[in-house]
Amino acid sequence: MASEADRRLLEWLRANGAKIDKVKWPADSSIDDVRGVQAKIDIGPGEPIFEIPQKLMMTPLAGRASPELGPVLREEKELLIGDTSLCLFVMHERARGPDSFWWPFLQCCPTPSTILDWTDQELTELQDENLIMRAIRRKERLRMIYKRVFLKELAPKYPDLFKSAGKPAPTPPPAKASGDRESTPTPTNGTGSATGSADEEKSASPDGIPAPALAPAPVEWWSLEAFLWAWGTIETRAFGRRLPWTALVPFADLLNHGNYQTKYDLVLQGAGSGGGDEAASKPASLEAAKDRAAKAAETGEGVFRLYPSGNTGYRAGCEVFNSYGRRPNDNLLLEYGFAMEGNEHDTVEVGGTLSSEMAATDEAWAARRSALLRNGVSVARPLKLGPGGAFQPSQLVLERILALEPKALLRPARYPVGDRSAAVSVGADKTPPSAGAAPEAAPEAAP
(Lines give C-alpha, C1' and ligand atoms only; values in the text may rest on other atoms or scores of the structure.)
Protein backbone atom coordinates (compact mmCIF):
# COMPACT_ATOMS: atom_id res chain seq x y z
CA MET A 1 0.00 0.00 0.00
CA ALA A 2 1.36 3.42 -0.98
CA SER A 3 2.24 5.82 1.81
CA GLU A 4 1.82 9.57 1.71
CA ALA A 5 5.50 9.95 0.78
CA ASP A 6 5.09 7.38 -2.02
CA ARG A 7 2.14 9.24 -3.49
CA ARG A 8 4.00 12.53 -3.34
CA LEU A 9 6.95 10.98 -5.16
CA LEU A 10 4.71 9.72 -7.98
CA GLU A 11 2.99 13.11 -8.26
CA TRP A 12 6.38 14.86 -8.44
CA LEU A 13 7.64 12.48 -11.13
CA ARG A 14 4.58 12.87 -13.35
CA ALA A 15 4.43 16.65 -12.84
CA ASN A 16 7.98 16.89 -14.17
CA GLY A 17 7.55 14.77 -17.27
CA ALA A 18 8.42 11.24 -16.15
CA LYS A 19 6.71 8.47 -18.16
CA ILE A 20 6.09 5.67 -15.68
CA ASP A 21 2.62 4.40 -16.56
CA LYS A 22 3.70 1.04 -18.02
CA VAL A 23 4.48 -0.19 -14.51
CA LYS A 24 2.98 -0.16 -11.04
CA TRP A 25 4.84 0.93 -7.93
CA PRO A 26 4.72 0.11 -5.10
CA ALA A 27 3.80 -3.50 -5.84
CA ASP A 28 3.90 -6.03 -3.00
CA SER A 29 3.48 -9.15 -5.13
CA SER A 30 7.19 -9.50 -5.91
CA ILE A 31 9.12 -12.75 -6.06
CA ASP A 32 10.66 -12.33 -2.60
CA ASP A 33 7.61 -10.66 -1.04
CA VAL A 34 9.36 -7.28 -0.89
CA ARG A 35 8.20 -4.09 -2.52
CA GLY A 36 9.03 -3.88 -6.18
CA VAL A 37 7.88 -2.70 -9.60
CA GLN A 38 5.26 -4.64 -11.59
CA ALA A 39 4.46 -4.52 -15.31
CA LYS A 40 0.94 -3.27 -16.11
CA ILE A 41 1.27 -4.22 -19.79
CA ASP A 42 3.51 -6.55 -21.79
CA ILE A 43 7.00 -5.03 -22.22
CA GLY A 44 9.16 -6.49 -24.98
CA PRO A 45 12.94 -6.59 -25.46
CA GLY A 46 14.35 -3.16 -26.24
CA GLU A 47 11.18 -1.36 -25.13
CA PRO A 48 11.77 1.36 -22.52
CA ILE A 49 10.11 0.46 -19.23
CA PHE A 50 10.02 4.12 -18.20
CA GLU A 51 11.55 7.46 -19.16
CA ILE A 52 12.94 9.90 -16.59
CA PRO A 53 13.85 13.46 -17.69
CA GLN A 54 17.38 14.58 -16.93
CA LYS A 55 16.16 17.45 -14.75
CA LEU A 56 14.91 14.90 -12.20
CA MET A 57 18.30 13.19 -11.94
CA MET A 58 20.77 14.10 -9.20
CA THR A 59 24.12 14.48 -10.97
CA PRO A 60 27.40 16.36 -10.48
CA LEU A 61 26.21 18.60 -13.33
CA ALA A 62 23.09 19.54 -11.34
CA GLY A 63 25.25 20.07 -8.25
CA ARG A 64 27.51 22.55 -10.04
CA ALA A 65 24.38 24.50 -11.03
CA SER A 66 23.35 24.90 -7.37
CA PRO A 67 23.49 28.58 -6.29
CA GLU A 68 24.72 27.68 -2.79
CA LEU A 69 27.00 24.67 -3.38
CA GLY A 70 27.89 25.12 -7.05
CA PRO A 71 30.79 27.57 -6.52
CA VAL A 72 32.49 25.11 -4.16
CA LEU A 73 31.99 22.13 -6.50
CA ARG A 74 33.39 24.10 -9.43
CA GLU A 75 36.36 25.42 -7.46
CA GLU A 76 37.35 22.15 -5.77
CA LYS A 77 37.43 19.78 -8.75
CA GLU A 78 40.80 18.33 -7.78
CA LEU A 79 39.63 17.60 -4.23
CA LEU A 80 36.15 16.32 -5.04
CA ILE A 81 37.10 13.37 -7.21
CA GLY A 82 35.02 10.28 -7.93
CA ASP A 83 31.59 10.39 -6.33
CA THR A 84 32.56 12.90 -3.63
CA SER A 85 31.08 15.82 -5.58
CA LEU A 86 27.73 14.06 -5.95
CA CYS A 87 27.88 13.05 -2.28
CA LEU A 88 28.16 16.71 -1.19
CA PHE A 89 25.26 17.63 -3.45
CA VAL A 90 23.05 14.89 -1.99
CA MET A 91 23.96 15.95 1.57
CA HIS A 92 23.13 19.56 0.75
CA GLU A 93 19.77 18.85 -0.88
CA ARG A 94 18.71 16.40 1.83
CA ALA A 95 19.51 18.99 4.50
CA ARG A 96 17.45 21.63 2.69
CA GLY A 97 14.38 19.46 3.18
CA PRO A 98 11.14 20.70 1.57
CA ASP A 99 13.05 23.63 0.07
CA SER A 100 14.87 21.19 -2.22
CA PHE A 101 13.47 20.33 -5.62
CA TRP A 102 14.55 16.72 -5.00
CA TRP A 103 12.91 16.42 -1.58
CA PRO A 104 10.06 14.12 -2.75
CA PHE A 105 12.73 11.70 -3.97
CA LEU A 106 15.16 11.99 -1.05
CA GLN A 107 12.31 11.70 1.43
CA CYS A 108 11.55 8.22 0.09
CA CYS A 109 15.13 6.96 0.13
CA PRO A 110 15.53 4.56 3.07
CA THR A 111 18.62 4.59 5.22
CA PRO A 112 21.14 2.45 3.31
CA SER A 113 22.18 -0.72 5.08
CA THR A 114 25.02 -3.06 4.14
CA ILE A 115 27.47 -5.19 6.09
CA LEU A 116 29.39 -1.97 6.78
CA ASP A 117 26.76 -1.37 9.47
CA TRP A 118 27.25 -4.76 11.13
CA THR A 119 28.96 -5.18 14.47
CA ASP A 120 32.21 -7.13 14.73
CA GLN A 121 30.28 -10.07 16.14
CA GLU A 122 27.81 -9.99 13.28
CA LEU A 123 30.64 -9.87 10.74
CA THR A 124 32.13 -13.07 12.16
CA GLU A 125 28.88 -14.84 11.23
CA LEU A 126 29.87 -14.39 7.57
CA GLN A 127 32.64 -16.96 8.05
CA ASP A 128 34.58 -15.22 5.30
CA GLU A 129 37.79 -13.53 6.48
CA ASN A 130 38.38 -11.87 3.12
CA LEU A 131 34.93 -10.30 3.04
CA ILE A 132 35.24 -9.19 6.66
CA MET A 133 38.53 -7.44 5.91
CA ARG A 134 37.04 -5.77 2.83
CA ALA A 135 34.19 -4.42 4.97
CA ILE A 136 36.57 -3.16 7.66
CA ARG A 137 38.82 -1.47 5.11
CA ARG A 138 35.80 0.11 3.40
CA LYS A 139 34.60 1.61 6.69
CA GLU A 140 38.07 2.97 7.44
CA ARG A 141 38.37 4.42 3.96
CA LEU A 142 35.05 6.28 4.19
CA ARG A 143 36.03 7.86 7.50
CA MET A 144 39.36 8.89 6.03
CA ILE A 145 37.60 10.52 3.07
CA TYR A 146 35.31 12.42 5.42
CA LYS A 147 38.17 13.67 7.58
CA ARG A 148 40.27 14.71 4.60
CA VAL A 149 37.53 16.37 2.56
CA PHE A 150 35.43 18.01 5.25
CA LEU A 151 37.60 18.53 8.32
CA LYS A 152 40.98 19.15 6.69
CA GLU A 153 40.00 20.94 3.47
CA LEU A 154 36.45 22.30 3.22
CA ALA A 155 35.70 23.41 6.78
CA PRO A 156 38.79 25.66 7.10
CA LYS A 157 38.42 27.07 3.58
CA TYR A 158 34.65 27.64 3.66
CA PRO A 159 33.86 28.08 7.37
CA ASP A 160 30.44 29.68 6.89
CA LEU A 161 29.15 26.87 4.69
CA PHE A 162 30.76 23.90 6.45
CA LYS A 163 30.59 25.10 10.07
CA SER A 164 28.75 21.93 11.19
CA ALA A 165 31.35 19.54 9.75
CA GLY A 166 32.52 17.09 12.39
CA LYS A 167 29.55 17.65 14.67
CA PRO A 168 27.47 14.54 15.39
CA ALA A 169 23.83 14.51 14.43
CA PRO A 170 21.46 15.11 17.37
CA THR A 171 19.54 12.18 18.78
CA PRO A 172 16.25 12.10 16.83
CA PRO A 173 12.91 12.20 18.63
CA PRO A 174 10.37 9.42 17.96
CA ALA A 175 9.22 9.67 14.34
CA LYS A 176 5.63 9.58 13.23
CA ALA A 177 4.59 6.57 11.21
CA SER A 178 4.47 7.15 7.48
CA GLY A 179 3.18 3.96 5.94
CA ASP A 180 5.78 1.32 5.22
CA ARG A 181 8.56 3.76 4.35
CA GLU A 182 10.88 4.95 7.06
CA SER A 183 10.89 8.61 8.05
CA THR A 184 13.77 10.82 7.03
CA PRO A 185 15.46 13.22 9.48
CA THR A 186 14.39 16.84 9.42
CA PRO A 187 17.05 19.10 7.97
CA THR A 188 18.66 21.84 10.02
CA ASN A 189 20.45 25.00 9.06
CA GLY A 190 23.81 23.70 10.26
CA THR A 191 23.38 24.97 13.81
CA GLY A 192 20.69 22.55 14.94
CA SER A 193 17.70 24.78 14.15
CA ALA A 194 15.12 22.95 12.11
CA THR A 195 14.24 24.46 8.74
CA GLY A 196 10.65 23.19 8.92
CA SER A 197 8.04 22.38 11.53
CA ALA A 198 6.70 18.88 12.09
CA ASP A 199 3.42 20.39 13.24
CA GLU A 200 2.73 22.11 9.96
CA GLU A 201 0.19 20.26 7.85
CA LYS A 202 1.72 21.44 4.58
CA SER A 203 4.51 23.75 3.44
CA ALA A 204 5.54 25.37 0.18
CA SER A 205 7.63 23.38 -2.28
CA PRO A 206 9.68 24.45 -5.31
CA ASP A 207 7.66 22.20 -7.62
CA GLY A 208 4.31 23.54 -6.42
CA ILE A 209 3.20 20.24 -4.88
CA PRO A 210 2.25 20.62 -1.20
CA ALA A 211 4.73 18.96 1.14
CA PRO A 212 3.27 16.29 3.44
CA ALA A 213 3.29 16.55 7.20
CA LEU A 214 5.96 13.97 7.88
CA ALA A 215 8.11 14.41 10.97
CA PRO A 216 11.79 14.08 10.16
CA ALA A 217 14.29 14.45 12.99
CA PRO A 218 17.20 16.91 13.17
CA VAL A 219 20.39 16.15 11.30
CA GLU A 220 23.51 18.27 10.90
CA TRP A 221 24.14 19.23 7.30
CA TRP A 222 27.76 18.07 7.14
CA SER A 223 28.04 15.50 9.93
CA LEU A 224 29.74 12.14 9.48
CA GLU A 225 26.29 10.53 9.77
CA ALA A 226 24.97 12.69 6.91
CA PHE A 227 28.03 11.85 4.81
CA LEU A 228 27.64 8.09 5.36
CA TRP A 229 23.91 8.32 4.50
CA ALA A 230 24.64 10.15 1.24
CA TRP A 231 27.56 7.91 0.30
CA GLY A 232 25.59 4.77 1.07
CA THR A 233 22.63 6.02 -0.93
CA ILE A 234 24.85 6.61 -3.95
CA GLU A 235 26.59 3.26 -3.47
CA THR A 236 23.33 1.29 -3.36
CA ARG A 237 21.08 3.26 -5.72
CA ALA A 238 23.10 5.13 -8.36
CA PHE A 239 23.70 4.46 -12.06
CA GLY A 240 26.80 5.39 -14.01
CA ARG A 241 28.49 2.78 -16.18
CA ARG A 242 26.71 3.95 -19.34
CA LEU A 243 26.47 7.63 -18.33
CA PRO A 244 28.98 10.49 -18.36
CA TRP A 245 28.82 10.62 -14.53
CA THR A 246 27.36 8.81 -11.57
CA ALA A 247 23.70 9.74 -11.12
CA LEU A 248 20.78 9.09 -8.81
CA VAL A 249 17.76 8.46 -11.01
CA PRO A 250 14.42 8.77 -9.18
CA PHE A 251 12.10 5.79 -9.81
CA ALA A 252 14.78 3.83 -11.69
CA ASP A 253 16.32 2.98 -8.31
CA LEU A 254 13.10 1.28 -7.15
CA LEU A 255 13.56 -1.87 -9.25
CA ASN A 256 14.85 -4.92 -7.41
CA HIS A 257 17.91 -6.77 -8.66
CA GLY A 258 17.62 -9.86 -10.80
CA ASN A 259 20.02 -11.74 -13.07
CA TYR A 260 18.21 -10.62 -16.20
CA GLN A 261 19.58 -8.81 -19.24
CA THR A 262 19.00 -5.09 -18.81
CA LYS A 263 20.39 -1.92 -20.35
CA TYR A 264 19.90 1.78 -19.78
CA ASP A 265 20.86 4.94 -21.64
CA LEU A 266 20.50 8.70 -21.73
CA VAL A 267 19.19 10.03 -25.03
CA LEU A 268 17.79 13.28 -26.38
CA GLN A 269 14.20 14.01 -25.51
CA GLY A 270 11.84 12.27 -27.93
CA ALA A 271 14.30 9.63 -29.13
CA GLY A 272 12.44 6.36 -29.22
CA SER A 273 9.62 7.68 -27.08
CA GLY A 274 7.33 5.03 -28.49
CA GLY A 275 9.57 2.22 -27.32
CA GLY A 276 11.17 -0.57 -29.29
CA ASP A 277 13.44 1.75 -31.28
CA GLU A 278 16.55 0.46 -32.99
CA ALA A 279 18.95 2.00 -30.48
CA ALA A 280 17.26 0.12 -27.65
CA SER A 281 16.71 -3.17 -29.46
CA LYS A 282 20.34 -3.15 -30.58
CA PRO A 283 22.16 -1.56 -27.63
CA ALA A 284 25.25 0.43 -28.50
CA SER A 285 28.68 -0.44 -27.18
CA LEU A 286 29.60 0.99 -23.79
CA GLU A 287 31.79 3.66 -25.37
CA ALA A 288 29.11 4.65 -27.89
CA ALA A 289 26.44 4.73 -25.16
CA LYS A 290 28.58 7.02 -22.98
CA ASP A 291 29.31 9.30 -25.92
CA ARG A 292 25.64 9.55 -26.83
CA ALA A 293 24.73 10.17 -23.18
CA ALA A 294 27.33 12.94 -22.90
CA LYS A 295 25.90 14.71 -25.96
CA ALA A 296 22.37 14.43 -24.58
CA ALA A 297 23.49 15.68 -21.16
CA GLU A 298 25.07 18.78 -22.70
CA THR A 299 21.67 19.94 -23.89
CA GLY A 300 20.06 19.47 -20.48
CA GLU A 301 17.19 17.75 -22.31
CA GLY A 302 18.32 14.15 -21.90
CA VAL A 303 15.96 11.31 -20.98
CA PHE A 304 17.03 8.28 -18.96
CA ARG A 305 15.55 5.01 -20.21
CA LEU A 306 15.85 1.50 -18.81
CA TYR A 307 14.79 -1.47 -20.91
CA PRO A 308 15.09 -5.27 -21.05
CA SER A 309 17.70 -6.42 -23.54
CA GLY A 310 18.61 -9.67 -25.28
CA ASN A 311 15.62 -12.01 -25.09
CA THR A 312 14.32 -10.55 -21.83
CA GLY A 313 10.75 -9.27 -21.73
CA TYR A 314 7.95 -8.98 -19.18
CA ARG A 315 4.32 -10.08 -19.24
CA ALA A 316 1.67 -7.92 -17.61
CA GLY A 317 1.53 -8.68 -13.90
CA CYS A 318 5.18 -9.83 -13.65
CA GLU A 319 7.78 -8.10 -11.52
CA VAL A 320 10.18 -5.93 -13.51
CA PHE A 321 13.87 -6.09 -12.59
CA ASN A 322 17.06 -4.18 -13.05
CA SER A 323 20.41 -5.97 -13.14
CA TYR A 324 23.04 -4.50 -10.84
CA GLY A 325 25.63 -6.51 -12.76
CA ARG A 326 26.98 -10.05 -12.71
CA ARG A 327 27.77 -9.97 -9.02
CA PRO A 328 28.52 -12.79 -6.59
CA ASN A 329 26.96 -12.68 -3.13
CA ASP A 330 30.02 -11.30 -1.36
CA ASN A 331 29.89 -8.26 -3.64
CA LEU A 332 26.13 -7.87 -3.20
CA LEU A 333 26.51 -7.98 0.59
CA LEU A 334 29.29 -5.41 0.58
CA GLU A 335 27.81 -3.00 -1.95
CA TYR A 336 24.04 -3.45 -1.52
CA GLY A 337 23.37 -5.28 1.73
CA PHE A 338 21.65 -8.42 0.44
CA ALA A 339 22.48 -11.85 -0.99
CA MET A 340 20.65 -14.10 -3.44
CA GLU A 341 19.86 -17.74 -2.92
CA GLY A 342 21.13 -19.76 -5.88
CA ASN A 343 23.06 -16.82 -7.31
CA GLU A 344 24.44 -18.03 -10.65
CA HIS A 345 27.38 -15.63 -10.37
CA ASP A 346 28.41 -16.79 -6.92
CA THR A 347 31.86 -18.26 -6.43
CA VAL A 348 33.90 -19.84 -3.66
CA GLU A 349 37.66 -19.55 -3.20
CA VAL A 350 39.41 -22.90 -3.15
CA GLY A 351 42.98 -21.75 -2.72
CA GLY A 352 45.21 -18.83 -1.96
CA THR A 353 47.15 -16.62 -4.35
CA LEU A 354 50.46 -17.68 -5.86
CA SER A 355 52.60 -16.55 -2.96
CA SER A 356 56.22 -15.66 -2.47
CA GLU A 357 56.62 -19.09 -0.84
CA MET A 358 56.00 -20.72 -4.20
CA ALA A 359 58.54 -18.39 -5.79
CA ALA A 360 61.10 -19.53 -3.26
CA THR A 361 60.48 -23.26 -3.67
CA ASP A 362 59.80 -23.57 -7.41
CA GLU A 363 63.00 -23.55 -9.46
CA ALA A 364 61.02 -22.73 -12.59
CA TRP A 365 58.92 -20.00 -10.99
CA ALA A 366 60.26 -17.23 -13.22
CA ALA A 367 59.36 -19.17 -16.39
CA ARG A 368 56.05 -20.28 -14.88
CA ARG A 369 55.11 -16.73 -13.90
CA SER A 370 56.09 -15.47 -17.36
CA ALA A 371 53.87 -18.11 -18.98
CA LEU A 372 50.95 -17.17 -16.73
CA LEU A 373 51.24 -13.47 -17.50
CA ARG A 374 51.65 -14.16 -21.22
CA ASN A 375 48.35 -16.04 -21.09
CA GLY A 376 46.61 -13.19 -19.30
CA VAL A 377 46.34 -15.02 -15.95
CA SER A 378 46.88 -13.04 -12.75
CA VAL A 379 49.29 -14.52 -10.22
CA ALA A 380 47.69 -12.49 -7.42
CA ARG A 381 44.14 -13.81 -7.57
CA PRO A 382 42.93 -16.92 -5.74
CA LEU A 383 41.27 -19.79 -7.57
CA LYS A 384 37.49 -19.68 -7.54
CA LEU A 385 34.84 -22.27 -8.26
CA GLY A 386 31.55 -21.26 -9.82
CA PRO A 387 28.18 -23.04 -9.62
CA GLY A 388 28.51 -26.76 -10.28
CA GLY A 389 32.20 -26.73 -9.36
CA ALA A 390 33.29 -25.33 -12.72
CA PHE A 391 36.57 -23.44 -13.17
CA GLN A 392 36.75 -20.47 -15.48
CA PRO A 393 38.87 -21.08 -18.66
CA SER A 394 41.61 -18.78 -17.37
CA GLN A 395 41.81 -20.87 -14.20
CA LEU A 396 42.16 -24.04 -16.26
CA VAL A 397 45.08 -22.37 -18.01
CA LEU A 398 46.59 -21.60 -14.59
CA GLU A 399 46.19 -25.19 -13.42
CA ARG A 400 47.88 -26.57 -16.55
CA ILE A 401 50.85 -24.21 -16.27
CA LEU A 402 51.29 -24.98 -12.58
CA ALA A 403 51.31 -28.69 -13.38
CA LEU A 404 53.95 -28.50 -16.14
CA GLU A 405 57.40 -29.93 -15.52
CA PRO A 406 60.14 -27.27 -15.45
CA LYS A 407 61.68 -28.52 -18.71
CA ALA A 408 58.33 -28.17 -20.49
CA LEU A 409 58.28 -24.47 -19.60
CA LEU A 410 61.57 -23.84 -21.37
CA ARG A 411 60.49 -24.77 -24.88
CA PRO A 412 57.88 -22.97 -26.99
CA ALA A 413 54.65 -24.91 -27.13
CA ARG A 414 50.88 -24.52 -27.10
CA TYR A 415 48.66 -26.86 -25.16
CA PRO A 416 44.88 -27.13 -25.74
CA VAL A 417 42.64 -26.86 -22.71
CA GLY A 418 39.94 -29.54 -22.50
CA ASP A 419 37.45 -29.49 -25.33
CA ARG A 420 37.62 -25.71 -25.72
CA SER A 421 39.55 -23.80 -28.36
CA ALA A 422 41.65 -22.13 -25.68
CA ALA A 423 45.36 -22.83 -25.66
CA VAL A 424 48.27 -22.33 -23.30
CA SER A 425 51.40 -20.57 -24.51
CA VAL A 426 54.67 -21.39 -22.75
CA GLY A 427 58.37 -21.12 -23.41
CA ALA A 428 60.16 -18.27 -25.13
CA ASP A 429 57.39 -17.41 -27.58
CA LYS A 430 56.50 -13.73 -26.94
CA THR A 431 53.46 -13.75 -29.20
CA PRO A 432 50.21 -13.51 -27.18
CA PRO A 433 47.92 -16.51 -27.66
CA SER A 434 45.36 -15.96 -30.37
CA ALA A 435 42.42 -17.75 -28.81
CA GLY A 436 40.98 -18.16 -25.37
CA ALA A 437 43.98 -17.12 -23.29
CA ALA A 438 43.08 -13.47 -22.76
CA PRO A 439 41.14 -12.60 -19.61
CA GLU A 440 37.39 -12.72 -19.94
CA ALA A 441 35.59 -9.46 -20.57
CA ALA A 442 34.70 -7.57 -17.44
CA PRO A 443 31.08 -8.08 -16.39
CA GLU A 444 28.51 -5.34 -16.65
CA ALA A 445 29.08 -3.03 -13.72
CA ALA A 446 26.46 -1.99 -11.21
CA PRO A 447 24.11 0.70 -12.15
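Contact here means heavy atoms within 4.5 Å. The structure is a predicted model, in which local features need pLDDT of at least 70 and side-chain atom pairs count only at pLDDT 80 or more, while totals for chains, interfaces and linings use all residues. Residues are numbered from 1 along each chain as its sequence is written, and side-chain values use heavy atoms, with hydrogens and water left out.

**View 1. Helix H4 packs against helix H8.** Helices (H or I, at least four residues) and strands (E, at least two) are DSSP runs, numbered from the N terminus. H4 covers residues 84-96 and H8 covers residues 224-237; their axes are 9 Å apart, at an angle of about 120 degrees. Axes are lines fitted to C-alpha atoms, for helices over the stretch in contact, and angles run from 0 to 180 degrees between N-to-C directions. The crossing of H4 and H8 is right-handed. A crossing is right-handed if the near helix is turned clockwise from the far one by less than a right angle, and left-handed if anticlockwise. From H4, the residues Thr84, Leu86, Cys87, Val90, Met91 and Arg94 meet Ala226, Phe227, Trp229, Ala230, Trp231 and Ile234 of H8. By class, this contact of H4 with H8 holds 10 nonpolar, 1 polar and 1 charged residues. Ala, Val, Leu, Ile, Met, Phe, Trp, Tyr, Cys and Pro count as nonpolar, Asp, Glu, Lys and Arg as charged, and the others, Gly among them, as polar.

**View 2. Phe50 is one of the residues with the most contacts inside the largest nonpolar core.** A nonpolar core is a set of buried Ala, Val, Leu, Ile, Met, Phe, Trp, Tyr and Cys residues joined through side-chain atoms within 4.5 Å. Buried means under 20% relative accessible area, exposed over 50%, and partly exposed in between (1.4 Å probe, protein chains only). The largest core has 84 residues, and Phe150, Leu243, Phe251 and Phe304 are also listed with the most contacts inside it. Helix H7 (residues 129-157) supplies the largest share of this core, 9 residues. Another core, of 10 residues, lies apart from it and includes Leu372, Ile401, Leu404 and Leu409. Leaving out residues up to four places away in sequence, Phe50 touches Lys19, Ile20, Phe251, Ala252, Leu255, Phe304, Arg305 and Leu306. Of these, Lys19 sits in the loop between helix H1 (4-15) and strand S1 (23-27) and is partly exposed at 45% relative accessibility.

**View 3. Val249 and Phe251 lie in the loop between H8 and strand S4.** Strand S4 spans 256-257. Val249 is buried, with a relative accessible area of 0%, and Phe251 is buried at 2%. Apart from residues up to four places away in sequence, Val249 touches Ile52, Met57, Phe239 and Phe304. The C-alpha atoms of Val249 and Met58 are separated by 6.6 Å, although these residues are 191 residues apart along the chain. Phe251 has a positive phi near 80 degrees and is not a glycine.

**View 4. A cis peptide bond joins Trp25 and Pro26.** Its omega is about -5 degrees. Pro26 belongs to strand S1.

**View 5. Cys108 is in no disulfide.** A disulfide is counted for a pair of cysteine sulfur atoms within 2.5 Å, and the count by this rule comes to 0 disulfides. The nearest cysteine sulfur to Cys108, that of Cys109, is 7.4 Å away. Cys108 is buried, with a relative accessible area of 5%.
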